[in-house]
Amino acid sequence: MQLGYIAMNSKETIKIVLASSSRLFIEGIRRILAGEKEIEIVAEVSNPDDIQKYTLELKPEFLFIDNRMLSMDIQKLLSLISKKLPDVYFIVMNNQSEYPPELDLTNITYVTKEMDSSDLIKIIKKGKSLNRAGSGKADKVGDKITRMESKVIELIAQGYSNKEIASRLSISEKTVKAHLTNIFVKLNLENRYQLIVYGAQHKRRAR
């Protein structure tokens, strides 16, 4: 069943398709983005079988999937979409307690319910341009990243908080912050949102 369909009205907006079997999720994201003139929700999809159809038809910049409730092979779905629309960027909402699915994609960012609305908006507004420009100066200093810093980058890209990263790596939260400071300097990044996109692009290298 299709929750709703919103026709595209402007070629200058950042177009996004929302996919979830939860009406609450769809309505919540719609309200969060309602005041953002730069962002346009072009389709709201509840049936997993319709996700590929509407994404390929509407060609959005972003596909935001709530993976917590949709029963589907997300690896297969996103891989198929990515092959036909290589410029689309995926945002995947995952359960905080679950390790994100291993997806062989670079154009993907994981988020959890711990992320606030301002963070999501920043990812959407900055993610696309960073995805296109992500191979610049940061790639030249990638060899300076330590093994522990690589692990921190990977977990940041998967949506974990500093506290969660500290727990998973058995280090203090203060140490996580120190690693982040060093990473920002080495990669010439300004904030966590840029690092999320960088980490998603370079997850295979980080491993």
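**Basis.** I note that this is a predicted model, in which local features need pLDDT of at least 70 and side-chain atom pairs count only at pLDDT 80 or more, while totals for chains, interfaces and linings use all residues. Residues are numbered from 1 along each chain as its sequence is written, and side-chain values use heavy atoms, with hydrogens and water left out.

**Salt bridges.** I searched the whole structure and found four salt bridges, each being a side-chain nitrogen of Lys or Arg within 4 Å of a carboxyl oxygen of Asp or Glu. One of them joins the side chains of glutamate 44 and arginine 30 at 2.9 Å, N to O. Glutamate 44 lies in strand β3 and arginine 30 in helix α1, so this pair ties together parts 14 residues apart in sequence; helices (H or I, at least four residues) and strands (E, at least two) are DSSP runs, numbered from the N terminus. Glutamate 44 is buried at 3% relative accessible area, whereas arginine 30 is partly exposed at 37%; buried means under 20%, exposed over 50% and partly exposed in between, with a 1.4 Å probe and protein chains only.

I then turned to glutamate 36, which forms a salt bridge with lysine 125, their closest N and O atoms being 2.7 Å apart. Glutamate 36 lies in the loop between α1 and β3 and lysine 125 in helix α4 (residues 117-133), so the pair ties together parts 89 residues apart in sequence. Lysine 125 is partly exposed, at 31% relative accessibility.

For glutamate 149 and lysine 186 I noted a salt bridge between the side chains, 2.9 Å from N to O. Glutamate 149 is in helix α6 (residues 147-157) and lysine 186 in helix α8 (residues 173-187), so parts 37 residues apart in sequence are tied together. I also recorded that shared partners join Glu36, Glu38 and Lys125 into one salt-bridge network.

**Aromatic pairs.** I found two aromatic pairs in the structure. In one, the rings of phenylalanine 25 and phenylalanine 64 have centres 5.3 Å apart and planes at 80°, so the pair is edge-to-face; rings of Phe, Tyr and Trp (its six-membered ring) pair if their centres lie within 6.5 Å, with planes under 30 degrees apart counted as stacked, over 60 as edge-to-face and the rest as tilted. Both phenylalanine 25 and phenylalanine 64 are buried.
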